[in-house]
Amino acid sequence: MIEDVPGTGKTQLIKAMAKSMSGEYRRIQCNPDILPSDITGVSVFHPHEERFVFRPGPVMTNILLADEINRATTKTQSALLEVMEERSVTADGHTYELPHPFMLCATQNPIDFEGTYMLPEAQLDRFMMKIAMGYPDAATEKTMLLFHAKGQPADQLHAVTTMDEIAKIQEEIRDVYLSDALGDYLLGIVRRTREHEAVLLGASPRASLAFVMAVKAYAFLQERDYVIPDDIKTLAPYVLGHRILLRPEARLGSMSALQVLQQIIKQAQVPISSVG
């Protein structure tokens with residue numbers, strides 16, 4: 001999930017990523033009148049065959065963008081729960097598998113709450129990571145102006161990989177080494193989110209699994225076949241931040257989930273020997 005103010009390039013980033021992987025990409029513009037079947041698909045009666053035929057929705061793709069996801073009603077948002085967890089769609093008693101690889105990306109605006117619906121904790125927990133784009137620095141924004149003067153840069157991108165190669169990379173990431181000591185270190189951070197005095201709801205076991213896969217992928221991108229403590233420290237805010245629900249008194253005291261995580265990471269003892 002990418003949460004940031006309008007105009008920072010959230011949608012363009014996901015569109016560019018999809019083009020670079022030559023995967024099938026579809027976008028859903030979420031709004032209050034969109035229905036669950038508009039996402040997952042619907043069964044339509046075929047008069048010649050005298051039976052219902054399933055017409056898949058935009059979810060049957062490799063990369064799905066749910067733009068402004070918090071503008072869809074909670075009923076429509078719940079249609080994505082099975083998609084995000086099981087990688088399948090169930091309609092009229094039949095289960096349809098999604099293409100592989102599959103990734104759901106979502107955007108939302110953190111400041112405009114008119115006509116929006118809060119995402120339930122059960123759905124937030126299914127997002128592996130939550131990031132923010134932020135405003136570009138002056139040099140980057142100047143470069144952006146020059147590139148956009150020649151047209152939309154995302155439209156000029158060419159694929160650098162395929163979905164088959166991405167699937168192979170996913171398998172290689174599973175083989176990245178995570179020592180027992182670092183596994184305990186990671187798990188200790190997750191468990192402390194449930195025990196912190198300012199936290200009402202801490203990170204779930206699903207978060208632990210997502211955390212492990214995230215740090216392995218990060219290590220792989222750093223051209224390592226093993227995880228180091230800095231990988232865990234770097235990714236903790238992005239993997240766990242949106243999974244922590246603070247107590248009302250903590251929120252009134254202007255405490256944030258990121259501040260809680262910083263305290264937890266500072267208190268957690270880093271393993272002396274993590275590779276071996």
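The expected span of a helix is taken here as 1.5 Å times one less than its number of residues. Helices (H or I, at least four residues) and strands (E, at least two) are DSSP runs, numbered from the N terminus. With that in hand, here are some notes on the model.

1. **Ground rules.** This is a predicted model, in which local features need pLDDT of at least 70 and side-chain atom pairs count only at pLDDT 80 or more, while totals for chains, interfaces and linings use all residues. Residues are numbered from 1 along each chain as its sequence is written, and side-chain values use heavy atoms, with hydrogens and water left out.

2. **Helix 3.** This helix covers residues 74-86, and its 13 residues reach 19 Å from the first C-alpha to the last, close to the 18 Å expected at 1.5 Å a residue. Thr 76, Gln 77, Ala 79, Leu 80, Val 83 and Met 84 are buried in helix 3; buried means under 20% relative accessible area, exposed over 50%, and partly exposed in between (1.4 Å probe, protein chains only). These buried residues pack against helix 2 (36-40), strand 6, strand 8 (103-108) and helix 4 (121-124), with contact meaning heavy atoms within 4.5 Å. Just after helix 3, Arg 87 takes a positive phi of about 60°.

3. **The hairpin that follows.** Strand 6 (residues 88-91) and strand 7 (residues 94-97) run antiparallel and are joined by four bridges; strands count as paired if DSSP finds at least two bridges between them. Thr 90 faces Thr 95 of strand 7 across the pair. Two residues lie between the strands, and Asp 92 in this hairpin has a positive phi near 55°.

4. Four strands make an open sheet in the order 1-8-5-2, with parallel pairing. Strand 1 (2-3) and strand 2 (25-29) are at the edges with a single partner strand each, so one side of each has no neighbour in the sheet. Strand 5 (residues 63-67) pairs with strand 8 over four bridges, and Leu 64 stands opposite Leu 104 in strand 8. Helix 1 (residues 10-20) packs on the sheet, touching strand 1, strand 2, strand 5 and strand 8, and its direction makes about 165° with that of strand 8. For that angle, axes are lines fitted to C-alpha atoms, for helices over the stretch in contact, and angles run from 0 to 180 degrees between N-to-C directions.

5. **Two nonpolar cores.** A nonpolar core is a set of buried Ala, Val, Leu, Ile, Met, Phe, Trp, Tyr and Cys residues joined through side-chain atoms within 4.5 Å. The largest has 31 residues, and Ile 189, Phe 211, Val 227, Ile 232 and Leu 240 have the most contacts inside it. Helix 7 (180-195), helix 8 (205-221), helix 9 (229-240) and helix 11 (257-267) each give two or more residues to this core, and helix 8 gives the most, with six. Beyond its neighbours within four places in sequence, Ile 189 is in contact with Ile 232, Leu 240, Ile 264, Ile 265 and Ala 268. Apart from this core lies another, of 24 residues, including Ile 28, Cys 30, Ile 34 and Val 59.

6. Ser 204 lies in the loop between strand 9 (199-201) and helix 8, and is buried because its relative accessible area is 18%. Leaving out residues up to four places away in sequence, Ser 204 touches Asp 125, Val 190 and Arg 194. Thr 234, in helix 9, is partly exposed, with a relative accessible area of 35%.
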